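Open the model in your viewer and keep the sequence panel at hand.

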Amino acid sequence: MAVADRDPDRAAALAAAHRLDAVDPRRLLDDDRVEMVAVATPPAGHARIVLDALAAGRHVFCEKPLATRLEDATAVLRATAGPGAPRLTVDYVLRRNPLYALLGRLQRELFGPPRRFAFENLASDEHLGPGHWFWDREVSGGILVEHGVHFFDACAWLLGSQPELVQAVEAARPGGPVDTVVATARHPGGATASYAHAFARPARAELQWTTLDWGSARATLAGWIPVELQLEAWAGGPALGLLQRLAADPGATLAVPGYRPSGAERLKVELVELARQPGGDHHLRLRATLGGAAAKARVYRESVRAGLADLLAAIADGRQPLVSPADGWRSLAVALAAQGSAASGASARPESLPPDLAPEAAVTGSRP
C-alpha cells in the first residue's frame with residue numbers, strides 16, 4: 001500500500017506512521033491495483049485530480065466541492081456519463097447524518113417537503129490564519145463554494161427541488177478577506193431558504209443551527225454536523241402513534257447504511273398538549289440526540305464512512321451513488337450563482353445541467 005501527497009515531506013511522514021510507501025501521485029493512478037481514489041486536496045485541485053483518476057478508470061470519492069468552476073464540473077459529469085464509466089460521489093456528509101435521515105422519514109410519512117429552510121453558521125476562524133488557503137478565492141472558491149455547497153445540497157435534497165432564484169451579499173473584515181456571506185433562495189412552489197456563514201468567532205463560541213418549517217411543524221438541528229434535533233408539531237393522533245413507534249426503537253429509526261451507531265443515540269416523544277377539541281391537533285414534541293456536542297467528531301467520521309460505503313455499494317450494484325455527480329454539479333451552480341449575485345447586487349438564476357446530461361438526474365438525488 002502507498003500514500004501520495006503534493007507535499008513529499010508530508011507524504012513521507014504519513015507513510016512512515018502507517019508503514020506505507022510514499023510515492024508520486026501519478027504512480028498511484030498508473031497502478032492497476034488502485035481501484036478507488038479519495039480526493040482531499042484544497043478545492044481548486046479537485047477537478048484535475050478527479051479527471052485524471054476517471055481517465056485512469058478509477059472510482060472517485062471527492063471532497064466537496066466537486067470543482068470551483070462550472071466548466072470543470074461539467075467535464076467531470078461527462079467523464080462519468082458513458083457506459084461503464086467509473087463511479088463518483090461527493091462527500092456531502094449531511095446526506096448521511098441520522099438526524100437528517102429521520103427528518104426525511106417524517107417528511108415522507110407526515111409532513112411533506114418543508115416550506116422553509118434556514119441555516120446559520122457562526123464559525124471559528126482560530127485555525128484559519130491570514131495565509132490559509134481558505135481565504136484565497138482562487139484556491140478555495142470562496143465561502144459559498146468551499147462550505148456553502150453542503151447546505152445548498154441538503155436543502156435541495158429535503159425540498160426535492162433546485163432553487164430558481166438566489167440573492168446574496170458578502171462582507172469583509174476591515175483590511176481583510178471576505179469572512180461573512182448571506183444568501184437567500186426561492187424554490188419552485190414558493191418554498192424559501194436562507195444561508196448565513198460568518199467565520200469570525202473563537203472556537204469556544206462557535207454556534208450553528210438549521211431550522212426547517214412545514215407550517216404544522218418546525219424542527220431545529222443543532223450543529224452544522226447535527227448532533228441534536230428538536231421537533232415541535234401540531235398533528236392528530238396518527239402522528240403521535242408514529243412518533244411513539246419511532247421513539248420505541250431509536251436504533252432502527254436513526255439507522256443509516258454504513259453508519260455505525262455509538263449507543264448514545266436517544267429519541268423521546270412528548271405529548272405537550274391534547275387537542276382542544278375533538279378531531280383537533282395535539283401539540284407534540286420529539287427530541288433526538290446522537291450523543292450531544294461531544295459526539296460531533298464521531299458523527300462526522302461515521303457520515304463520511306457511510307458515504308464511502310454507499311460508493312462501494314454503487315460500484316458493486318452498477319448504480320449511481322445516492323449523491324451523484326449531478327448533485328455535486330447542481331450545488332456548485334447554486335453557489336456560483338449566489339457568488340455572482342453578491343458581486344453584482346442583483347438576483348441570479350443558477351445554471352441548469354446541460355441538456356445532454358440532464359436525464360441522468362431529473363430528480364435531485366434520492367428523495368428523503
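Before the first selection, a rule for sorting residues: Ala, Val, Leu, Ile, Met, Phe, Trp, Tyr, Cys and Pro count as nonpolar, Asp, Glu, Lys and Arg as charged, and the others, Gly among them, as polar. This is a predicted model, in which local features need pLDDT of at least 70 and side-chain atom pairs count only at pLDDT 80 or more, while totals for chains, interfaces and linings use all residues. Residues are numbered from 1 along each chain as its sequence is written, and side-chain values use heavy atoms, with hydrogens and water left out.

**Stop 1: the largest pocket**

Select Val3, Ala4, Asp5, Leu28 and Ala38, which lie nearest the centre of the largest pocket among its 35 lining residues. A pocket here is an open set of points on a 1 Å grid over the protein atoms alone, where a 1.4 Å probe fits, with protein on both sides within 12 Å along at least five of seven lines; lining residues have an atom within 4 Å of a point. The space in this pocket is about 1100 Å³, a volume being the space filled by probe spheres set on the grid points, which are joined across faces, edges and corners. By class, its lining has 23 nonpolar, two polar and ten charged residues.

Which helix gives the largest share of this lining? Colour helix 2 (25-30): five lining residues come from there. Helices (H or I, at least four residues) and strands (E, at least two) are DSSP runs, numbered from the N terminus.

While you are here, click on Arg19, in the loop between helix 1 and strand 2. Arg19 is not a glycine, yet its phi is positive, about 55 degrees. Arg19 is exposed, at 82% relative accessible area; exposed means over 50%, buried under 20%, and partly exposed in between (1.4 Å probe, protein chains only).

**Stop 2: the second largest pocket**

Next comes a pocket of about 560 Å³. Select Lys64, Leu128, Glu146, His147 and Phe199, the closest to its centre of the 26 residues that line it. This lining divides into eleven nonpolar, eight polar and seven charged residues. Strand 6 provides the largest share, three residues.

Pro65 sits in the loop between strand 4 (59-62) and helix 4 (70-81).

**Stop 3: helix 8**

Is helix 8 mostly buried or exposed? Select residues 149-159: eleven of the eleven are buried, so the helix is largely enclosed by the rest of the structure. Show what surrounds these residues, and you will find that they pack against helix 5 (98-111), strand 6, helix 7 (143-146), strand 9 (192-201), strand 10 (207-213) and helix 12 (325-344).

**Stop 4: the nonpolar core**

In soluble globular proteins, nonpolar side chains tend to be buried together. The largest nonpolar core here has 95 residues, and Leu102, Phe117, Tyr195 and Leu229 touch the most other members. Such a core is a set of buried Ala, Val, Leu, Ile, Met, Phe, Trp, Tyr and Cys residues joined through side-chain atoms within 4.5 Å.

Leaving aside neighbours within four places in sequence, its contacts (heavy atoms within 4.5 Å) are Leu229, Leu246, Thr253, Leu254, Leu267, Leu286 and Ala288.
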